[in-house]
Amino acid sequence: MRKKKSIVNPIIYAIPVFMLTVLIEAGLARRRGLTVYDIPDALTSLHHGVISEVTGVLWKLAGLGTYALVYTNFHATELPADSWLIFVLALLAYDFCYYWQHRMGHEMNVLWAAHVVHHSSEYYNLATALRQTSTGRFFGWVFYLPMAVIGVPPTLFFTVAVIDLLYQYWVHTELIGRLGWLDRVLVTPSNHRVHHGQNDYCIDKNYGGILILWDRWFGTFADEREGEKIIYGIRKPLRSFNPVWGNLHYYADLWRESMRAVGWRAKLGVWLAPPGGWTDAPLAHFDTATFVSYDRKTPSAMRWYAAMQYALVVPCVVQILAMDVKAAPMQAVLYVLVIIATTVCVGLLLEGRQIAKKFEMFRLLLVGAAFATMPDWFGFDAPTALRIALAVFVLASLLWLSRQRVPNVAEAIAV
Amino acid sequence: MPVGAGDTLLNADALSDLALALVCGAVAVAHWRARPALAQASALFFVAASFGVLRFSGIAFALGPHRFFSLLAACAAFPLLAVAVRWPDDDIAKRANAAARFVLLFGAIGLAFHMTGFALWRDILPVVSVLVIAFAAIRTKNAHGIFGALLFIASLVVAALGQASAFSFGAFNATQAMHYLMAAGFALLAWPPGIKHAH
């Protein structure tokens, strides 16, 4: 019997490119004297990316590959996956569906609760592109089902989905200006900056993935304005470096709101309504001049500590993405939890929470001891030299951390 | 003897779905602006029935889409219809945008349930929805509405009997009877002045 060949997650190959380009962008921005990056904010973006990818593993475990199921049960025909014409049409169809998914992601509370993560950064850089939701998988798939019913095979669907996703990476930068006629056809850094803005003219604009033509056709296009600085982020700022809270904060808001609503229809309506509710009133004016960005004055040494911890998380993410999770589901779940806990501890440290230091030291002890003593690290038989190196790193981290005084929240703000 | 269904173009099964498609299409067009929830529910039935016409005419590619849109109609259009009739002043009934979101949410939930093996969901929702419609019609003493709801109930009963055995309803088989009863139900439910104001 032939063994079923598993598909390698293409994100594994993209991760080194992401890391390298983020560093290059940060270096170029620094050389030009631009404040494009803030280390805690960028690390939070990267942590969101990490959680988004590793929770995808849980999704895979749950066997909820809805697209494939709908394709198997309801497809009209089997389109050839090896035809160039079908490939191009599938990419166009995907981009069209993406436009509507993205648009509804901004205009419907329950979908905005998932997508808000991507907009919660007040900086606009390549790391922001990686600030992805972990809960978007709950409803996002619905928008692509017409492709399954038409008969776009799952392999082709996943190929065009990855292309569409990866295309959107490079547009998250302030270092590339306007690109002439391209700005009118494709999604480019210029028109995507508008999408991430809080300025009045930026709200609910430019939803496209690859083609900006959809926005032009459906009336949601806005051109970047010369001389009006774009303020990035969301109107109700997140003000946290905790990636789990970043994923859940808007759900919590909606939950509270629906609890306050009277009657089941009103409660349901909260989740279906647009952010801000069903109203024909114009959007509240946003004064760009008075905007103050979120800054916890995290000490420089703590920023670099957090960056180093992140550097150790990256190989773990690669490992879990490459794992055959169905062969060892409990291991996979545990590994996902370890990674999420790491990002939360580091996030809390960056926020200057008093409890963070205790959490982080406990995590270091646990992870360090497990890596050094367990026969294998979630299937990876680490060489002795690596075990010793990591043990030394953990001990040094513990020692350094024990000597640090983490300023509390009030102090951090007051600095 | 029931009129048999075959693979020939526009056989009796296809004709029954054509009748349903025409009625639902007409209801959707007539109420598109004034009653968007009713119109969108009808539009979903129109799409399902249109694929049904092709499917019963022996066009193979229509089978999957017919089953898909029938599932959506059961899980999303029936509840939307119930909201449109029972709570006509609700945002979902009045705003096209809200009705579309309702379809999206209920469609997603319905599909997820169906895909994960809880197929009963697609049977429960239409029954509950039709009972809500009947309740609203009785409360408002609307004759069209009451008859429409009764026809819907009859169509669901026929569908259930048709699933269980080779059921026939006079000259029609279960599929055809269900389609005609639903078409008549839609026509009565949406007949002006209808039961727009349930309260």
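Residues are numbered from 1 along each chain as its sequence is written, and chains are lettered from A in the order in which they are written. In this predicted model, local features need a pLDDT of at least 70 and side-chain atom pairs count only at pLDDT 80 or more, while totals for chains, interfaces and linings use all residues; side-chain values use heavy atoms, with hydrogens and water left out.

**Stop 1: confidence**

The average for chain B is 88, and 89% of its residues score at least 70. Select residues 1-5 of chain B: the pLDDT there is below 50, and the stretch has 13 contacts in the model beyond near neighbours in sequence. Contact means heavy atoms within 4.5 Å. For the complex, the predictor gives an ipTM of 0.86 and a pTM of 0.91.

**Stop 2: chain B as a whole**

Show chain B as a cartoon. Eight helices and two strands are present; these are DSSP runs numbered from the N terminus, with H or I over at least four residues for helices and E over at least two for strands. From the N terminus, the order is α-α-α-α-α-α-α-β-β-α.

How many of the 199 residues of chain B count as buried? The share is 50%, where buried means under 20% relative accessible area, exposed over 50% and partly exposed in between (1.4 Å probe, protein chains only).

**Stop 3: where the chains meet**

Select both chains. 25 residues of chain A are in contact with 24 residues of chain B. The two chains bury about 2,300 Å² between them, and 77% of that is on carbon and sulfur atoms. Buried area is the accessible area (1.4 Å probe) that two parts lose on being put together, summed over both. Now pick Phe74(A), Arg265(A) and Trp278(A), which supply 32% of the area that chain A buries against chain B, more than any other three residues.

**Stop 4: the largest nonpolar core**

A nonpolar core is a set of buried Ala, Val, Leu, Ile, Met, Phe, Trp, Tyr and Cys residues joined through side-chain atoms within 4.5 Å. The largest has 97 residues, and Val70(A), Tyr144(A), Met147(A), Phe68(B) and Leu111(B) touch the most other members. Helix H3 (residues 63-86) of chain B gives the most to this core, with 15 residues.

**Stop 5: one helix of chain A**

Select helix H16 (residues 354-373) of chain A. It has 20 residues and reaches 30 Å from its first C-alpha to its last, close to the 28 Å expected at 1.5 Å a residue; the expected span is 1.5 Å times one less than the number of residues. Its buried residues include Lys357(A), Glu360(A), Leu364(A) and Phe371(A). What do the buried residues of H16(A) pack against? They pack against helices H14 (300-322), H15 (329-351) and H17 (384-403) of chain A.

**Stop 6: two loop residues**

Go to Asp204(A), in the loop between helix H10 (189-196) and helix H11 (213-218) of chain A. Its phi is near 55°, a positive value in a residue other than glycine. Asp204(A) is partly exposed, with a relative accessible area of 31%. Finish at Lys297(A), in the loop between helix H13 (264-272) and H14 of chain A. Phi of Lys297(A) is also near 55°, and at 38% relative accessibility the residue counts as partly exposed.

Terms used. pLDDT is the predictor's confidence in each residue, from 0 to 100.
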